[in-house]
Amino acid sequence: MTPLDRRTFLQAAGGVGALALGAGPAIARQRSGASGGAEIVVIGAGAFGGWTALYLREMGHTVTLIDQYGPGNARATSGGESRQIRAVYGEREIYTRWVLKALDRWKAREAEWGKRILYQTGQLSLANEWTKELTETRKVFDRLGVKYEVVAPEDLVRQYPQMNLKNISIAMYTPSTGVLKAREGCVAVAQAFEKKGGHFLTAKVELGGRSGSTLQDVVLSTGQRVGAQTFVFACGPWLPKVFPSLMTGKLKTPRRAVFFYGTPPGDQRFTYPNFPTWSVDNAYGFPCIEGRGFKVVPTFNPPVLVDPDTQEHALTPDEQRKGREFAAKWFPALANQPLVDSRICQREDSIDEHFIVQAHPELGNVWVVGGGSGHGYKHGIMIGDYVARRVVGQDDQPELAATFALKSGTF
Ligand SMILES: Cc1cc2nc3c(=O)[nH]c(=O)nc-3n(C[C@H](O)[C@H](O)[C@H](O)COP(=O)(O)OP(=O)(O)OC[C@H]3O[C@@H](n4cnc5c(N)ncnc54)[C@H](O)[C@@H]3O)c2cc1C
């Protein structure tokens with residue numbers, strides 16, 4: 001047998017591989033010089049890293065995107081079926097502003113890719129009194145001209161008889177927002193990145209050699225070294241593993257359980273477009289979309305902190321019981337319907353639940369990006385653009401640097 005050279009062997013073994021997404025000649029040309037390095041290496045092909053890499057590539061840079069398990073993989077925080085795109089953000093107006101832009105951008109990308117990612121379900125926030133978040137959201141919506149409706153309790157009961165609304169006196173409906181397909185979105189971004197000449201590798205990355213305050217390269221799990229001028233680490237809940245001294249204590253990774261309940265046969269009351277995305281009682285959920293089940297995401301306390309590499313993805317008996325109790329209380333017709341699917345995930349919460357976009361304090365060409373804090377997916381399409389501009393010195397929103405700075409403190 002003719003011995004394979006190292007690069008050919010790694011590709012054949014799948015250790016270092018492109019996504020095999022129909023790479024065109026431009027990609028092949030770039031790949032042949034890959035070991036020589038790119039201008040920019042992005043580590044992490046979740047919502048934050050994937051979009052950052054795509055925007056950088058669209059700006060004309062030579063970019064390599066590397067992920068240990070692949071875009072939107074089952075361990076990533078961006079994995080799974082779906083994520084909410086909501087505008088309700090209380091006084092944190094920047095995120096409402098970004099959501100309005102994000103909605104337009106998601107629609108434009110759907111048109112570009114010929115793929116459905118967004119379901120405009122509308123979003124219903126339910127409470128038994130005007131909370132600070134809803135009061136502040138109303139002010140922001142009025143200021144920004146976001147369309148919404150405060151639904152009177154008697155109208156609510158008439159519109160949504162399939163929900164238990166006994167103790168609900170406040171309902172705010174935002175028609176423009178909805179649901180994004182999560183894993184599919186990440187894969188679509190990575191495909192677009194490759195089609196536009198980006199270089200994708202599957203490997204685990206560790207920091208490589210330094211020269212003073214400059215990181216010279218990263219080392220892949222295959223032994224290959226990849227050099228670049230700039231490195232963006234968008235590693236989601238893995239950031240404390242990559243940068244233990246910088247990130248430990250600054251990012252919390254609580255386990256989250258997501259339930260999909262079957263709807264009764266032939267019953268369309270819980271299915272898009274007949275039911276909106278909703279939030280109530282520290283939980284939220286989505287209508288049944290594409291037959292995947294009615295999604296319920298409760299919050300269980302106290303939070304269980306987990307390791308994204310090793311946590312089991314099967315529901316515990318306790319989670320199963322609590323999920324069913326929640327669904328049965330709020331959606332009585334689903335009380336005896338089977339659980340048709342579930343997802344286990346972890347959040348990556350920053351101390352103040354703002355995103356983190358931070359130049360590494362010791363390595364001048366390294367950026368740390370993450371802290372999606374349970375609301376990052378929808379903003380990938382905005383934060384990716386923001387990060388891309390910042391890392392190449394074209395920041396057009398300098399007022400946001402302090403908001404997204406890595407902060408110390410307690411959770
Ligand atoms: C249950 C749940 C519900 C949520 N609901 C919503 C919602 O409704 N709406 C919303 O907008 N957001 C929501 N979020 C938050 C949102 O999903 C996240 O904030 C966002 O997806 C984070 O993306 P990320 O790219 O930072 O991280 P990730 O998606 O985790 O991506 C990080 C990537 O880095 C890779 N990586 C890490 N370390 C390395 C390494 N050393 N080498 C190579 N690769 C590496 C990983 O494999 C991974 O693919 C939710 C989160 C959870 C858990």
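Modeller: One definition to begin with: two strands pair if DSSP finds at least two bridges between them. Keep in mind that this is a predicted model. With that rule, three strands make an open sheet in the order β3-β8-β4, and the pairing is antiparallel.

Biologist: What makes β3 and β4 edge strands?

Modeller: β3 (82-85) and β4 (118-119) each have a single partner strand, so one side of each is left without a neighbour in the sheet.

Biologist: How do you know that β4 and β8 count as a pair?

Modeller: The cut-off is at least two bridges. β4 and β8 (residues 178-181) have two bridges, in the antiparallel sense. That meets the rule. L118 stands opposite L180 in β8.

Biologist: How many bridges join β3 to β8?

Modeller: Four bridges, and the two strands run antiparallel. I85 stands opposite G178 in β8.

Biologist: Which way do the residues of β3 point?

Modeller: S82 and Q84 point one way, R83 and I85 the other way, and all are buried. In a regular strand the side chains alternate between the two faces of the sheet.

Biologist: Why is Q84 called buried?

Modeller: Buried means under 20% relative accessible area. Q84 has 11%, so Q84 is buried. Beyond its sequence neighbours up to four places away, Q84 touches Q123, G178, T277, Y284, F286 and K378.

Biologist: Why is E353 called partly exposed?

Modeller: E353 has a relative accessible area of 32%, so the label is partly exposed. E353 is found in the loop between β21 (349-350) and β22 (356-359). Leaving aside neighbours within four places in sequence, E353 is in contact with R92, Y95, R347, S373 and H375. E353 and G374 are 21 residues apart in sequence, with C-alpha atoms 8.2 Å apart in space.

Biologist: Which helices lie across the sheet of β3, β8 and β4?

Modeller: α4 lies across β3, β4 and β8, running at about 135° to β3. α7 (residues 182-195) lies across β3 and β8, at about 55° to β8.

Biologist: What makes a set of residues a nonpolar core?

Modeller: The members are buried residues of nonpolar kinds, joined through side-chain atoms within 4.5 Å. The largest such core here has 56 residues, and W98, W106, I383 and F404 touch the most other members. Helix α4 (residues 93-113) supplies the largest share, eight residues. Apart from this core lies another, of 27 residues, among them V151, F259, A283 and L315. In soluble globular proteins, nonpolar side chains tend to be buried together.

Biologist: What does W98 touch?

Modeller: Not counting residues up to four places away in sequence, W98 touches F355, H379, M382, I383, Y386, Q397, L400 and F404.

Biologist: Why do you say that the buried residues of α10 line one face?

Modeller: E319, G323, F326, A327 and W330 are buried. Seen down the helix axis they fall within an arc of 95°, so they line one face of α10. They pack against β16 (255-261), β17 (277-280), β18 (283-286), β19 (294-297) and β20 (339-346).

Biologist: What is the strand order of the eight-strand sheet?

Modeller: The order is β6-β7-β5-β17-β18-β19-β16-β20, in an open sheet with mixed pairing. β6 (149-150) and β20 stand at the edges, each with a single partner strand, so one side of each lacks a neighbour in the sheet. β18 and β19 run antiparallel, joined by three bridges. Y284 has V297 in β19 as its bridge partner. Helix α5 (residues 132-144) packs on this sheet, touching β5 (123-127), β6 and β7 (170-174).

Biologist: What makes α3 mostly covered?

Modeller: Ten of its twelve residues are buried. Among them are F48, W51, L54 and Y55. Just after α3, G60 takes a positive phi of about 105°.

Notes:
Residues numbered from 1 in each chain as written. Predicted model: local features only at pLDDT ≥ 70, side-chain atom pairs only at ≥ 80, totals over all residues. Heavy atoms only, no water. Buried < 20%, exposed > 50% of the residue type's maximum accessible area, 1.4 Å probe, protein only. Contact = heavy atoms within 4.5 Å. Arc of directions from axis to C-beta. Axes fitted to C-alpha atoms, helices over the stretch in contact; angles between N-to-C directions.
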